[in-house]
Amino acid sequence: MDIVLMGAPGAGKGTQAAKLETTLHCKHISTGDVLRAEIASGSELGRKIAAVINNGDLVSDEMMLSILKNVVSGTDKRIIFDGFPRTVAQAEMLDSMLKELGRKLGKAVMIALPEAAVISRLSSRRQCRLPNGEVHQIGPDFSLQDCAAQNGEIFSRPDDTPEHVAHRLAVYHRQTEPVIKFYQAAGVYAEVNGDQTPERVFESLLSVLKD
Ligand code: AP5
Ligand code: MG
């Protein structure tokens, strides 16, 4: 059954989804990554998306769904949704899409993190773009030295500036937090403490997903 990973910007959704993908052999779909790939392709759609996401706002529900449908219908594996749904309308759309495709949502797990930790993590996040276009997060699995050795370029996400982080948090409280009630009502909601080492967060997630 599919999994939704929820959480504020910087809560660790991407970090944990990548670990779950390897351990549970499922498919990680980060809507943020899908949108950034569209921007990197240089398409007209990508230019429209860049204007929205570099400002920290949400791409429209309709655009998100049409982009996502292609990705979801292309896999038979269990899916981990990272960064989707971000509105109650998206949660309803996801329900219908999964039903249409004969899939089912098993759990929606919130990685809970205090706001001060969000701000500190995002202000220090660095990424590395390799000459082949691959993007790696600088951290325990990919160091600054790894980046230099592969002729990569270090950069920060345009939406990680303090002003944009503050705006993303406001958008999160206003548009995404109501999704919690939606999944509580559906009986699939669970929460883990995101304010621990990545390894401990991962253990907590595995234990919640076993239930
Ligand atoms: P998206 O890319 O999803 O960004 P986000 O939700 O703001 O979250 P981040 O990716 O910044 O954080 P994360 O929770 O993945 O944490 P990470 O593991 O990277 O979306 C970007 C934009 O795209 C949105 O603002 C919106 O415009 C658009 N968009 C996306 N989906 C959309 C949708 N469904 N509808 C409409 N628009 C959409 O970790 C963060 C940092 O912390 C890293 O440096 C990491 O190394 C570090 N870290 C992680 N875990 C730990 C830990 N346990 N301890 C210490 N450090 C840690
Ligand atoms: Mg992410």
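Three helices each supply at least two residues of the shell around ligand 1: α1 (13-24), α2 (31-40) and α6 (115-124). Helix α2 gives the largest share, four residues. This is a predicted model.

Eleven of its residues are nonpolar, twelve are polar and nine are charged. Of the 32 residues around ligand 1, five come nearest: T15, D57, R86, R125 and R168.

| Residue | Atom on the protein side | Distance to an oxygen atom of ligand 1 |
|---|---|---|
| G14 | polar backbone atom | 2.9 Å |
| D57 | polar backbone atom | 2.3 Å |
| R157 | N or O atom in the side chain | 3.1 Å |

How much of ligand 1 does the protein bury? Taken alone, ligand 1 exposes 1,000 Å², and the protein buries 90% of that.

Now the sheet. Five strands form an open sheet with parallel pairing, in the order β2-β3-β1-β4-β8. Strands β2 (27-30) and β8 (189-193) are the edges, and each pairs on one side only. On average, neighbouring strands of this sheet are turned by 20° against each other, direction ignored.

Look at one pair of strands. Strand β1 (residues 2-6) runs parallel to strand β3 (residues 79-82), and three bridges join them. In this pair, I3 stands opposite I80 in β3.

A helix packs on the sheet as well. Helix α9 (residues 178-186) touches β1, β4 (105-112) and β8. The direction of α9 makes about 145° with that of β1.

Notes:
Residues numbered from 1 in each chain as written. Chains lettered and ligands numbered in written order. Predicted model: local features only at pLDDT ≥ 70, side-chain atom pairs only at ≥ 80, totals over all residues. Heavy atoms only, no water. Pairing = 2+ DSSP bridges. Axes fitted to C-alpha atoms, helices over the stretch in contact; angles between N-to-C directions. Contact = heavy atoms within 4.5 Å. Near = heavy atom within 4 Å. Polar contact = N/O pair within 3.5 Å; in protein donor to acceptor, adjacent residues only side chain to side chain. Areas by Shrake-Rupley, 256 points an atom, 1.4 Å probe, with all protein chains shown as cover. Nonpolar A, V, L, I, M, F, W, Y, C, P; charged D, E, K, R; others polar.
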